[in-house]
Amino acid sequence: MTNSADIDIAPTRSVAGPPRLVRAAVSMPDMTTTVRQLDTDAAVGAVGWLEVESSAVCGTDVGLYRAGLDSPTVLGHHVVGTVVSLDETQSTAWRVRPGDRVALEEYLPCLRADCPACRIGDYRMCPHTDLFAGKQRVGLLSADDGAGLHGGNAEYMQLSANSLVYRLPADLDADLAAWTQPFANALDWTVDAGGAKEGSTVVVIGPGYHGIAAVAAARAVGAARIVVIGVPQSAGRLEIAESLGAVPVINNNHSLPELILRATGAEGADVLLDTVGLGGEAVAAAARVLRKRGRLVIGGLGSTPVCELDLKSLVRGANTIVGVRGRSPDAVARSIELLADGRSGLEIVPSVDVDLDQVDDMLGRMATGLGPVSPHVVIRPQLRRPTDQKRGTLS
Ligand SMILES: [Zn+2]
Ligand SMILES: [Zn+2]
């Protein structure tokens with residue numbers, strides 16, 4: 001599928017295709033990553049190939065890596081690239097041609113007519129794409145499966161008939177393009193699930209990748225007040241949130257409701273987004289400082305996923321508590337639109353660029369909590385130099 005329904009389709013251009021051997025960062029179950037040459041001729045079910053421009057690292061990658069992968073895997077599921085070959089049937093179906101720049105979603109849905117999720121385009125809820133069940137996802141399939149090129153941490157990756165492909169403007173800045181999926185998640189969670197709109201007070205717990213993107217999403221819809229709460233170790237990320245227009249609050253073992261009330265002039269939150277998985281009593285307590293019709297959006301699961309809720313305050317406030325996962329196709333389309341017309345503000349977040357040889361070091365650091373200050377860590381498989389000086393710092 002594609003977000004661009006109105007483009008003219010010319011006959012598919014002659015197919016250059018990928019080289020036979022391409023470099024890929026293969027991540028192992030023991031938390032190491034090695035760069036290998038993989039053979040594109042071994043691909044099974046490829047309808048085309050993508051030359052990967054960027055593969056942004058998100059918390060899911062780091063969590064999977066830390067927990068121990070099931071098998072060797074080319075990780076990377078926030079993928080942007082240029083289509084270098086595509087069979088004609090797929091080109092017509094997607095309205096995408098070789099030479100087009102696209103973003104992928106990670107879901108590889110079943111697309112069956114009798115799938116209640118796929119039937120309505122709710123691909124994130126297809127049992128095939130479930131992170132804990134079907135596991136049919138970009139950046140999660142085994143490197144032993146066919147060519148193994150199923151993730152973004154490689155020079156090229158295969159496209160399959162069930163890939164979810166969105167055309168990107170050719171001139172969209174590369175750093176912004178890499179935000180397509182996390183910013184779409186943030187729009188889905190903050191605006192669609194959370195109801196953030198012009199004048200809202202939005203409180204975000206956690207200034208990580210999605211927390212920063214949520215600040216940008218709240219700002220893009222005109223939220224009047226955005227507060228981001230983080231632990232003392234996240235001071236650098238709180239500064240980034242502040243430069244996007246949020247009020248930074250350091251939580252030094254204070255009571256969360258107290259911090260929220262203080263930061264919002266005792267008004268509480270219209271939208272309270274937990275990106276870190278506070279869990280337990282902390283979430284239950286925070287739910288009490290929602291404004292009338294306010295919503296608590298839970299985007300992460302901590303170690304204590306069970307809590308007692310004050311139902312009286314929930315009913316009296318006509319409040320909503322909602323869990324979120326991934327994003328809708330519509331959120332991806334809006335993400336691309338906002339990024340392209342410069343309304344995301346995310347250009348101020350430094351991009352930490354990583355080449356394939358640096359993936360081992362970077363994933364290892366992130367998995368042990370020693371990642372860079374900026375949460376925008378982007379693997380650029382075409383980058384050959386150790387670091388690209390014009391971009392963010394690796395320190
Ligand atoms: Zn992700
Ligand atoms: Zn399905």
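Me: Which residues are the protein donors of the zinc ion (ligand 2)?
Reply: This is a predicted model, where local features need pLDDT of at least 70, side-chain atom pairs count only at pLDDT 80 or more, and totals for chains, interfaces and linings use all residues. Residues are numbered from 1 along each chain, ligands from 1 in the order written, and side-chain values use heavy atoms, without hydrogens or water. Donors are N, O and S atoms within 2.8 Å of the metal (3.2 Å for Na, K and Ca). Here the SG atoms lie 2.3 to 2.4 Å from the zinc, and they belong to C110, C115, C118 and C126.

Me: What arrangement do the four donor atoms around the zinc ion make?
Reply: Four donors count as tetrahedral if all angles lie between 85 and 135 degrees. Around this zinc ion the angles are 106 to 118°, so the arrangement is tetrahedral.

Me: Is D360 buried, partly exposed or exposed?
Reply: Buried means under 20% relative accessible area, exposed over 50%, and partly exposed in between (1.4 Å probe, protein chains only). D360 has a relative accessible area of 34%, so it's partly exposed.

Me: Which residues is D360 in contact with, leaving aside its neighbours within four places in sequence?
Reply: Contact means heavy atoms within 4.5 Å. With those neighbours set aside, D360 touches M31, T32, T33 and Y65.

Me: How far apart are the C-alpha atoms of D360 and L104?
Reply: Along the chain, these two are 256 residues apart. Between their C-alpha atoms, the separation is 23 Å.

Conventions: Tetrahedral: all angles 85-135°; square planar, octahedral: opposite > 155°, others 65-115°.
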